[in-house]
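Here is a short report on strands, helix packing and salt bridges. Keep the sequence and the model in view while reading.

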Amino acid sequence: NYPDKYDCWWGILTLPAIDKTNEDYINYIIEEENSVIEYWLNKGADGYRLDVADELGSEFIERLSKKVKQVKKDAIVMGEVWEDASNKVSYGVRQKYLQGSQLDSVMNYPFKNGIINLLLEKTSITGFENMVMTICENYPKPILDTVMNLLSTHDTPRILTILGEADFSLSREQKSEFRLEGEKLHLAYERLCSAFFLEFMLPGSPCIYYGDEAGMQGFEDPFNRRFFDWSKTFGMLYDLCKKLADLKNKFDDLKTGDISFSSDGDVLKFKRGNVECLLNLGSEPVGVPND
């Protein structure tokens with residue numbers, strides 16, 4: 001009953017559903033001269049992130065990726081995929097995201113979920129290692145080196161709120177006013193420091209959701225999208241992220257080095273090439289040998 005009623009993406013009236021197999025639409029977005037894809041690449045865009053890649057379809061993604069490389073060969077096409085992208089099945093179809101003709105990289109939700117479960121003691125160190133190694137073994141190395149490591153997004157609660165074990169059963173009004181305080185906030189900060197360390201040291205490209213480095217809090221949308229809190233810039237978390245970024249940029253092994261684990265007790269221990277990374281998950285100090 002257009003224009004009064006029409007199919008919408010997930011029922012959201014401001015997002016009309018598109019027939020992505022329609023050639024007129026594909027020409028407008030991808031194929032024709034000065035298409036949407038070509039226009040923005042020529043304006044200086046470095047690539048595209050495909051929201052909800054599962055719903056775009058293989059043909060659409062392949063044609064888009066081919067066009068991107070034709071216009072700018074080093075531009076990137078990244079997909080929003082929440083699971084292991086190497087064996088993802090959606091809508092009854094096994095996807096071919098990482099087989100060379102579709103995506104250059106994906107958002108790395110498996111590492112995000114693994115880090116959270118590790119720091120909240122919902123999984124063991126061994127369980128965390130197995131998760132990391134599964135992704136490392138399943139992903140082609142050029143993709144693994146560039147996966148988007150994240151801790152929060154606009155689709156998820158703020159990492160500090162999660163690590164502070166906030167009560168997600170609160171009402172909407174209570175969530176809008178809630179802030180971690182005291183010991184819970186201190187514990188969340190300690191855990192977030194560990195989470196940032198893993199986000200930067202593990203394979204992939206770290207991506208910080210605005211405000212996480214300033215200790216911003218918030219439950220799910222819209223409470224995770226508040227304006228940036230300029231009063232909390234350049235604090236402890238910011239300084240830590242800057243140091244971790246400097247290390248990531250300094251050592252090539254932290255960008256492209258292989259990973260191997262040799263954890264001992266409460267100490268998560270792994271090597272990226274010749275760089276050794278240690279994270280004490282216990283409550284007691286642990287000495288580090290000079291060699």
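Strand β1 (residues 47-50) pairs with strand β2 (residues 76-79) in the parallel sense, over four bridges. Pairing here requires that DSSP finds at least two bridges between the strands. Helices (H or I, at least four residues) and strands (E, at least two) are DSSP runs, numbered from the N terminus.

This is a predicted model, in which local features need pLDDT of at least 70, side-chain atom pairs count only at pLDDT 80 or more, and totals for chains, interfaces and linings use all residues. Residues are numbered from 1 along each chain as its sequence is written, and side-chain values use heavy atoms, with hydrogens and water left out.

**Helix packing**

Helix α1 (residues 23-31) packs on α3 at an angle of about 30°, and their axes lie 10 Å apart. Axes are lines fitted to C-alpha atoms, for helices over the stretch in contact, and angles run from 0 to 180 degrees between N-to-C directions. α1 and α3 are therefore roughly parallel to each other. That label covers angles under 35 degrees; over 145 is roughly antiparallel, 65 to 115 roughly perpendicular and the rest oblique. The crossing of α1 past α3 is right-handed. In a right-handed crossing the near helix is turned clockwise from the far one by less than a right angle, and in a left-handed one anticlockwise.

**Salt bridges**

How many salt bridges does a search of the whole structure find? The total is 17. Each needs a side-chain nitrogen of Lys or Arg within 4 Å of a carboxyl oxygen of Asp or Glu.

| Pair | N to O distance |
|---|---|
| Arg-49 and Asp-51 | 3.1 Å |
| Lys-88 and Asp-54 | 2.3 Å |
| Lys-255 and Asp-252 | 3.7 Å |

Arg-49 is partly exposed at 33%. Asp-51 is also partly exposed, at 38%. Lys-88 lies in the loop between β2 and β3 (89-90) and Asp-54 in the loop between β1 and α3, so this pair ties together parts 34 residues apart in sequence. Lys-88 and Asp-54 are both buried. Lys-255 is partly exposed at 32%, while Asp-252 is exposed at 53%. Salt bridges also link Glu-23, Glu-31, Glu-59 and Arg-63 in a network.

**The antiparallel sheet**

Strands of a sheet pair through backbone hydrogen bonds, either parallel or antiparallel. Three strands form an open sheet in the order β8-β9-β10, with antiparallel pairing. β8 (259-261) and β10 (275-280) are the edge strands; each has a single partner, so one side of each is left without a neighbour in the sheet. From one strand to the next, the twist averages 20°. β8 and strand β9 (residues 267-272) run antiparallel and are joined by three bridges. Phe-261 stands opposite Phe-270 of β9.

Conventions: Buried < 20%, exposed > 50% of the residue type's maximum accessible area, 1.4 Å probe, protein only.
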